[in-house]
Amino acid sequence: MSDNHRTDSDILLDIRGLKTYFHLDEGTVRAVDGVDFTVPRGTTIGIVGESGCGKSVTAFSILQLVERPGRIEEGSIVLNTGGQNRVDIAALEHDSEELRQIRGKDIAMIFQEPMTSLSMMYTVGFQMAEAIRLHMDVSKEEARDRAIEMLQAVGIPRPEQRFDAYPFELSGGMRQRVMIAMALSCDPMLLIADEPTTALDVTTQAQILELMQRLQEEFGMAIMLITHDLGVVAEMCSEVVVMYLGEVVEQADVDTIFHNPQHPYTQALLESIPRLGHSHEGRLNPILGSVPDPYHRPSGCPFHPRCTQVITGRCETVHPEISQLDPRHTVRCLLHEEPHG
Amino acid sequence: MLQYILQRVLLMIPTLFGISLLSFGIIQLPPGDYLTFYVAELSAQGEEVSEAMLAQLERQYGLGRPWYVQYFLWVRNIITKGDFGRSFTWNKPVNDLIWDRVGYTMMITLLTVVFVWIVALLIGKYAATHQYSPGDYIATFVGFIGLAVPNFLLALLLLYYSLKFFGLSPAGLFSPEYQDAPWSVGKWIDFLSHLWIPIVILGTAGTAGSIRIMRANLLDELHKPYVITARAKGVPERTLIWRYPVRVALNPFISTVGWTLPELVSGSVIVSVVLNLPTTGPLLLGALLQQDMFLAGSFILLVSVLTVIGTLISDILLAWLDPRIRLS
């Protein structure tokens, strides 16, 4: 989707003012602190940022998978399943029938650790058929056929035999394929992929990403890809959300993010990528400093202690609002705020 | 799987041989033998024991021969005739003395294990899924009390209070009128009404410990990625907990069968004495005190065999439960 006039029904998921806090003995960690973004139907959106910026917690919040002491404090996560069917997932009861119908059916999720994401006590087939039978009115045999068909679709050789295999008999890459097959078995509208390739070796990474792209064309679902790998983003995503300390600092289409980034943090992230032939005296350009201690968020703009373009006297005190640079490009930075914005 | 079981069974043979040798050696360890005890007994009653009489007794019991000959004869009779020898004190074959008691012991033991498992599983699961809730704290508190109070004390208290408040004597496994009566519906009801007391008392400490084990294991598993995967699939919370983390947390439970069996046979001695239960405990205690070596030896051998069988059962159960063990 490259049009600049997106209608309401093109929006699959609309996240507004999402706040997810962890109440610990040492204090409250505001892991997600007022996140807004939308996921358009059928596209791939990348959520990027350093470790601890709230990417995963945002993803877990969408399916209400954040465990105690974490809690969604505020905000709405509206899923538009088509027509006038809108559900605010954040408002659903924990373990309610409605929520369970969304989990795995409308929104499916795959995780970082394929080695531990499947239970070792049950066969691949059992775990897949379980998901299928929860959401589709099918017999055991039909569920089995569907599972084998999905295993085939994700490129697992001899799927009939793999159906009866235990996860520990498969390699990491195969397990992630099984996870993808399981996630897509009920034809979800959104696939949330939380760093799906981080734990895999580079060759397998490429294969899994390619597989996800191919399946997106085939199944037409939207993908929300959480990653800290900007190379992956460039290859996979059409839209990018950049997060820092629980806030969205910039959102734009992928070309804008890579060629015309406006937030100093986005610029610094891009600067820090090692590039062949573009090395500055052979050294990396890291972002200054490190992510601050989660209990002591900097005042004002949370990025100001590490920012190279800091406006002394303002950035320490004023928390920037979101500025709309053009219809599909927003940024949260004082450099871009209107004088009286 | 079949090969695995066969392998384990074959491995049991040298183990049992070693154990029987060791148990026989242990009984021989204390200075003196049954004759020493017998002579002392007779002297205490003022009777003289002549040399000739001693020699005759020695020959009668075969006590004069070297220990390995005694061991060989004993084992040969067990294997070929199922004869465990003769008890000196009771002047009866060991077989007549132990099997009734072994039956009751096994029954009480198995029921106790089942009781411990069910209670510990339910309470442990509740405590883990409701960590730091009042219910968890109560379970922990009761658990530690149960662990700390000696079983025999609990038995004494229960006897005292049931006599004081209900005028009942819950000791033994039968009321006096049924003690020697043939089995009937009435005797069964009477038996069952007595049975729960030893089960609860013997099970308390085990339950308390198992609750802690269950709670700790489940807490380890509850937040594993595979649990989150299942939740993200839309599995209802109740099904999810039992099907995924509890299933894994069961492993250490099953592994304990191996030592629960023999511990309940030998470890319940004091409770059995206090409650006057017709189990193996009191008989074993007596046999050891009186150096009644074939009786004591048979018991120790039996307890060892139970340990080995218990371990085998737990291994088979584990393999059945956990595909990682079964397939590797």
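**Close-up views of a predicted two-chain model**

**View 1. Parallel pairing of strand 3 and strand 9 in chain A.** Strand 3 (residues 44-48) and strand 9 (residues 239-244) of chain A run parallel to one another and are joined over 4 bridges. Two strands are said to pair if DSSP finds at least two bridges between them. A:Val48 has A:Val242 of strand 9 as its bridge partner. In general, strands of a sheet pair through backbone hydrogen bonds, in either the parallel or the antiparallel sense.

The model is predicted, with local features needing pLDDT of at least 70 and side-chain atom pairs counting only at pLDDT 80 or more, whereas totals for chains, interfaces and linings use all residues. Residues are numbered from 1 along each chain as its sequence is written, and chains are lettered from A and ligands numbered from 1 in the order in which they are written.

**View 2. The open sheet of chain A.** The sheet comprises 8 strands of chain A in the order 6-7-8-3-9-10-12-11, and its pairing is mixed. Strand 6 (107-110) and strand 11 (323-326) of chain A are the edge strands, each pairing on one side only. Neighbouring strands of this sheet are turned against each other by 20° on average, direction ignored. Such angles are taken between N-to-C directions and run from 0 to 180 degrees, with axes being lines fitted to C-alpha atoms, for helices over the stretch in contact.

**View 3. Backbone exceptions in loops of chain A.** Most residues other than glycine have a negative phi, and most peptide bonds are trans. The bond joining A:Arg68 and A:Pro69 is a cis peptide bond, with omega about 5°. A:Pro69 belongs to the loop between helix 1 (55-62) and strand 4 (70-80) of chain A. A:Arg158, a residue other than glycine, has a positive phi near 50° and sits in the loop between helix 4 (140-153) and helix 5 (159-163) of chain A. A:Arg158 counts as exposed because it has 10 C-beta neighbours inside 10 Å. The classes rest on C-beta atoms placed from the backbone: a residue is buried if 20 or more other C-beta atoms lie within 10 Å of its own, exposed if 12 or fewer, and partly exposed in between. A:Asp187 is likewise not a glycine, yet its phi is positive, about 55°.

View 4. A:Asp201 is placed in the loop between strand 7 and helix 7 (202-219) of chain A. This residue is exposed, because 11 other C-beta atoms lie within 10 Å. A:Asp201 and A:Gly172 are separated by 29 residues in sequence and by 9.1 Å in space, C-alpha to C-alpha.

**View 5. The contact of chain A with chain B.** The contact draws 24 residues from chain A and 20 residues from chain B; residues are in contact if their C-beta atoms, placed from the backbone, lie within 7 Å. On the side of chain A that touches chain B, helix 2 (97-102) and helix 3 (124-135) each supply at least two residues. Helix 3 of chain A gives the most, with 4 residues. That side of chain A divides into 11 nonpolar, 6 polar and 7 charged residues. Here Ala, Val, Leu, Ile, Met, Phe, Trp, Tyr, Cys and Pro count as nonpolar, Asp, Glu, Lys and Arg as charged, and the others, Gly among them, as polar.

**View 6. Helix 13 against helix 14 in chain B.** The axes of helix 13 (residues 280-289) and helix 14 (residues 293-321) of chain B come within 8 Å and cross at roughly 135°. Helix 13 of chain B is therefore oblique to helix 14 of chain B, given that angles under 35 degrees count as roughly parallel, over 145 as roughly antiparallel, 65 to 115 as roughly perpendicular and the rest as oblique. B:Thr280, B:Leu284, B:Ala287 and B:Leu288 of helix 13 meet B:Leu295, B:Ala296 and B:Phe299 of helix 14. The residues of this contact divide into 6 nonpolar, 1 polar and no charged. B:Leu284 counts as buried because it has 24 C-beta neighbours inside 10 Å.

Conventions: Contact = placed C-beta atoms within 7 Å.
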